[in-house]
Amino acid sequence: MNRPAHTGYSPTLWERLAAAPHPSDSFQSSFWHATALDGPATQRLEGEARTALAVVGGGYLGFSTALHLAEAGHEVTLLEADEPGFGASGRNTGFAVPNLLTGLDPRDVKAEFGEEKGTLLCRTLGEGAELVFELIRRHEIDCQARQAGWMQPLHTPKKAAWLDDRVEQWKALGRPVRRLSRDEAVYETGSEQYHGAFLDPTGGHLNPLAYVRGLAHAAIRHGARVFSDSRAKRLERVGDVWRIETDHGVLIADRVLLTTNATGGGLAPAAEGTQFPITLFQVATEPLDPELRKSVLPNDRCSADTRKDLIAYRWTWDNRLVTGGLLANPVGSAGRGRTHHIHRLQALLPQLPPLKVAYAWQGRLAAARDYMPRLMELGPNAWSAIACNGRGMAMTTALGRQFALWLTGGSNEGLPVPLTKPDPVLLPGLASLAFSLWLPLNRWKDAQDLKG
Ligand SMILES: Cc1cc2nc3c(=O)[nH]c(=O)nc-3n(C[C@H](O)[C@H](O)[C@H](O)COP(=O)(O)OP(=O)(O)OC[C@H]3O[C@@H](n4cnc5c(N)ncnc54)[C@H](O)[C@@H]3O)c2cc1C
């Protein structure tokens, strides 16, 4: 496919300061890109096309929605600015996590969305990883998938009561989660530094780009039309339809769902303004001695701990470790993105030999101010959905199925998120910068947790 380098995306203040390549420069430098099967052959939109429902954005959320609509026999057309999986979906750590960020438990979700909707959202998310692996099996998606469980180890004994409570809250929703003792956590993670862990055995890991490409293949097989290299640049209501303009064509749609996550490029500014973009760095090591797998994550689970500046790591099928995260100081971040997270992992797992980086890349996620998913009404029959917030694979896949049900006649009550008007944050670019600048404070708090 003939793919332009940057299709109309404007970098944030943080990225400008960073003097680092824009994430789009590193799509092809990831380990996932090097090892995923090809995506579907798609073309760009040329001339005028018509559709009952347009989905704009080809990540997990867009493709899960399109796939579930197409499977149910509905006409759907997806526009992707670049290629399927070009956004966060093709660049993440590949954890399928049926849970929310630390600090957001079912009780918090219910407090925000109300008992009924909050419970529905937690159930939807709780089943999210099961849905991911079920789709992989059903559509025979070859994406190095391992449903071996997701762990959240405790970096400090001070959080033990919180962990017990978190486990109980998810158990009350019928989820098969479990608390690991300190000994179990040390064994499962390979690190003496942990004090227990949350385990959800339905989670797991995979090649995230291969997974989203597989969803795209499946959606197309079931009749969805997909145009890549087709950034939607303008969305306007004309009579009783929506007109979506790209560089080379126009899509006329009865209904529109935007799933553009962090890189909408001003298509729906108010909706995009409800979130702030955050850049994360990722590395994959050179292949390691397979014997090390006996002492590090011996059951091939994936692990993301309870630090505010969390440490996440996993194995790949060919014995590499993948890790990554935020960087506080953007200056020179492209270089430090390669080393900082490796050093942290090495300190956590001193039994490892000196690690060498084989692949480095970066990606952007979008976070809402409360880290909750959103479904926003843009006008008659047009909506924008954001479900990312850093733990998005299970959430976006599951919400895509729910949105498809809703779009085909489901009630608003059946939606796991409220339908709202866009409620932008003040200066999302600055909010995004602030996220990195808060990091030193968060690291200081993490360090305090480790003290007696
Ligand atoms: C480095 C990193 C690590 C992460 N690790 C994990 C993890 O391990 N587990 C997890 O669950 N989550 C993780 N996340 C979050 C997860 O990747 C996201 O929640 C998820 O991929 C979001 O999916 P999405 O479909 O909403 O958005 P995206 O995948 O970002 O898709 C949006 C798509 O819309 C397209 N687009 C944008 N504007 C337009 C337009 N105007 N016209 C047409 N197309 C447009 C983009 O090109 C893009 O392909 C991570 C994120 C990052 C960045």
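## Contacts of the ligand

An N or O atom in the side chain of Asn-261 lies 2.9 Å from an oxygen atom of the ligand. The side chain of Ser-89 has a polar atom at 2.5 Å from a ligand oxygen atom. Met-393 takes part through its backbone: an N or O atom there is 2.7 Å from an oxygen atom of the ligand. The protein covers 98% of the 1000 Å² of accessible area that the ligand has on its own. Accessible areas come from the Shrake-Rupley method with a 1.4 Å probe, and for residues only the protein chains shown count as cover.

This is a predicted model, in which local features need pLDDT of at least 70 and side-chain atom pairs count only at pLDDT 80 or more, while totals for chains, interfaces and linings use all residues. Residues are numbered from 1 along each chain as its sequence is written, and side-chain values use heavy atoms, with hydrogens and water left out.

Helices (H or I, at least four residues) and strands (E, at least two) are DSSP runs, numbered from the N terminus.

There are 38 residues around the ligand, and Glu-80, Ser-89, Phe-95, Cys-388 and Met-393 come nearest. A residue is near a molecule or strand if one of its heavy atoms lies within 4 Å of it.

## The open sheet

Eight strands make an open sheet with mixed pairing, in the order S5-S6-S4-S13-S14-S15-S12-S16. Its edge strands, S5 (178-180) and S16 (357-368), each pair on one side only. On average, neighbouring strands of the sheet are turned by 25 degrees against each other, direction ignored. Helix H8 (residues 182-189) packs on this sheet and touches S4 (150-153), S5, S6 (197-200), S13 (302-304) and S14. The direction of H8 makes about 85 degrees with that of S5. Contact means heavy atoms within 4.5 Å; axes are lines fitted to C-alpha atoms, for helices over the stretch in contact, and angles run from 0 to 180 degrees between N-to-C directions.

Strands of a sheet pair through backbone hydrogen bonds, either parallel or antiparallel. Here, two strands count as paired if DSSP finds at least two bridges between them.

S12 (residues 275-285) and S16 run antiparallel and are joined by eleven bridges. Leu-280 stands opposite Gly-363 in S16. Nine of the twelve residues of S16 are buried, so S16 is largely enclosed by the rest of the structure. Buried means under 20% relative accessible area, exposed over 50%, and partly exposed in between (1.4 Å probe, protein chains only).

S12 also pairs with S15, in the antiparallel sense and over four bridges, and Phe-281 stands opposite Gly-325 in S15. Strands S14 (residues 312-315) and S15 (residues 321-325) are antiparallel too, with four bridges. Bridge partners here include Tyr-313 with Thr-323 and Ala-312 with Gly-324. S14 and S15 form a hairpin with five residues between them, and Asn-319 in the turn has a positive phi of about 70 degrees.

In a regular strand the side chains alternate between the two faces of the sheet. From S15, Leu-321, Thr-323 and Gly-325 point one way, Val-322 and Gly-324 point the other way, and all are buried.

Is Gln-152 buried or exposed? Gln-152, in strand S4, has 0% relative accessibility and therefore counts as buried. The side chain of Gln-152 makes a polar contact of 2.6 Å with that of Arg-166. A polar contact is a pair of N or O atoms within 3.5 Å; within protein, one must be able to donate a hydrogen and the other to accept it, and residues adjacent in sequence count only if both atoms are side-chain atoms. Gln-152 and Cys-302 are 150 residues apart along the chain, with their C-alpha atoms separated by 8.7 Å.

His-155 sits in the loop between S4 and helix H7 (160-172). This residue is buried, with a relative accessible area of 1%. The side chains of His-155 and Thr-306 are joined by a polar contact of 2.8 Å, and the side chain of His-155 reaches the backbone nitrogen of Arg-307 at 3.5 Å. Not counting residues up to four places away in sequence, the residues that His-155 touches include Gln-193, Tyr-194, His-195 and Asp-446.
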